[in-house]
Amino acid sequence: MTMWERERMQSPRPASPLFWRLNPTVYHLLGSKCSDCGHITYPQTKICHKCGSFNQKDHQLPKTGKVHTFCINWTPPPGLEPPTVNVIVDLDGGGRYVGLITEVANPEEVKIGTKVEMVLRRLLNDSGLDFYGYKFRLVEEA
Amino acid sequence: MSVRGKVAIIGVGLIPFGELFHKGLESMIQEAFMSCVKSVDKGFDPKDIKAAWFGQWSGGGMIGQGSREGTTLGTVLGLRGIPISRLENGCPTGNDVFRNAVLGVASGAYDVVLALGAEKMRDKPGVESLVAAGGGAGGGILGLHPSWMMGMGGPVLQALYATRQMHELGCTMEDFARVAVKNHHNGVACPYAEYRFEVTVERVLSSPVVCWPLHLLDCCPQTDGAACAIVCRADLAKKYTDKPVYVLGSATGVDYKDMWDKENFIEMPATKFAAKMAMDMAGIKPEDVDLAEVHDCFTNTELLNIEDIGFCKKGEAHKLLKEGYWNREDGHKPINPSGGLKAHGHPIAATGLGQICENFWQLREQIEPVRQVKLKKGIALSHNVGGNGFGVSSVNIIGREP
């Protein structure tokens, strides 16, 4: 444990400036869309990652999409139960989001093209603080 | 600026890679440097070195062994007083350190310089190194993406590519396994390699799944090691050796930092950028290269890189592998005759410089006969790619003629 982590543990009111700062990113899924080339960058940016344009507009990511690629990790870092299914998702209407699959009984159900939606879940606990963010759940085909 | 014809390698030094708990960073550095100095045919006085670049990756935030400055080299090699910088640029650190040294000479600033990379990868247990390098469940919010680092790590990054290679390019897990078979076969004969044993496709596929679709034997090991090279002005090279090897092209390319920005998962544009720049500088085409040391941190990565460097069309590497095209003995273009990262090991900053050592020896034909590749044009290429989203790559091309 680092010194600042220890101090934060001892503090009567733990706080995380990082997550406070990232609020629009984490919970509101705010990214940017380039007015020149249309590239969607997430989290927000002032300069387009693709073409370098300074003309960026706020863009809220949609919560649904399809699996672009995935893997089934049997050796995740401490704190996660194996296997985890890591995915990169093509969001409906453009943009990508990277994350973990949740609520899947059998990892083999996940394929390229599988429809998924974001759900708010506890991502991690750091120094007594719970951090929430989005994971992906498989969408039942109608 | 082209470097072709301006810079020569006069000596290289490499220590056998492995799990070297009995050796500290400093002693590895000294061993590599001493063998490098002794390797210079007509003798070499270390006082001729006018500048140095030191590669070390594990000092940074990922493993956090503490930042080493240029003072580490200056002190343990007795080179105080000259400019020495430490450089860290992901997995291409070794090849990028070499590039910086080459530029130091090509610019006219220095006559003789040292490029050295060293790494203690095993002083932290594996599960806490490359895997936790992904941040872990309690890890940081690197890249400011809220869930990016959730359960990420080296195998995950490459498995995300491998899944797409199977889907779009028709690769199979057997194809990935064949890369391990080839490279371990090459590594058996290499005295510097960490894992000197043969494997079969069946053995790779029956090894534990680390991250589907990658098995344990699809992954390179985390390794301790050190490697270095001394480069000098091409017109001074004959003072040190009658058989210098010349730098033809040297480049580093960067692509998007993060996985979610990538346009696709069947190529690594960083490799394409670096390879094209280096080949343009050298004035050569991919077919002019006799042999190549290509980044194979995971078996599927080698297939991607072979294609991205331009040795074959996209989607062809695994088919040519099956036909033996990349084999050391009877292949048309041997890839990783040293055993590659797969068998040789991957001490990040030492990896690229180790590749350059191998290419230097191959081009001078001073290698165990069983390992010697048949030379046609006398040109060899070394390549690394890495970073969080595999967005940085370095390529160096060296040859027998300036």
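Predicted model: local features only at pLDDT ≥ 70, side-chain atom pairs only at ≥ 80, totals over all residues.
Strand β10 of chain B covers residues 379-386, and strand β11 of chain B covers residues 392-399. These two pair in the antiparallel sense, with eight bridges between them.

Zoom out again, and you'll see that they belong to an open sheet of nine strands in chain B. If you want to trace the order on your screen, go β3-β2-β4-β7-β1-β8-β11-β10-β9, and note that the pairing is mixed. At the edges sit β3 (84-87) and β9 (291-293) of chain B, each pairing on one side only. From one strand to the next, the twist averages 25 degrees.

Now for the helices. Helix α3 of chain B, residues 93-106, packs on this sheet and touches several strands, including β1 (7-14), β2 (51-55) and β4 (112-119) of chain B. The direction of α3 makes about 170 degrees with that of β4(B). Then there's helix α11 of chain B, residues 348-364. Helix α11 lies across a list of strands, among them β1, β9 and β10 of chain B, and runs at about 60 degrees to β7(B).

Last stop, chain A. Here we have domain 1 (15-61) and domain 2 (62-142). Where they meet, seven residues of domain 1 of chain A are in contact with eight residues of domain 2 of chain A. On the domain 1 side of that contact, you'll find five nonpolar residues, two polar ones and no charged ones.

Key:
Residues numbered from 1 in each chain as written. Chains lettered and ligands numbered in written order. Domains from an automatic or database assignment. Contact = placed C-beta atoms within 7 Å. Nonpolar A, V, L, I, M, F, W, Y, C, P; charged D, E, K, R; others polar. Pairing = 2+ DSSP bridges. Helix = DSSP H or I, 4+ residues; strand = E, 2+ residues; numbered from the N terminus. Axes fitted to C-alpha atoms, helices over the stretch in contact; angles between N-to-C directions.
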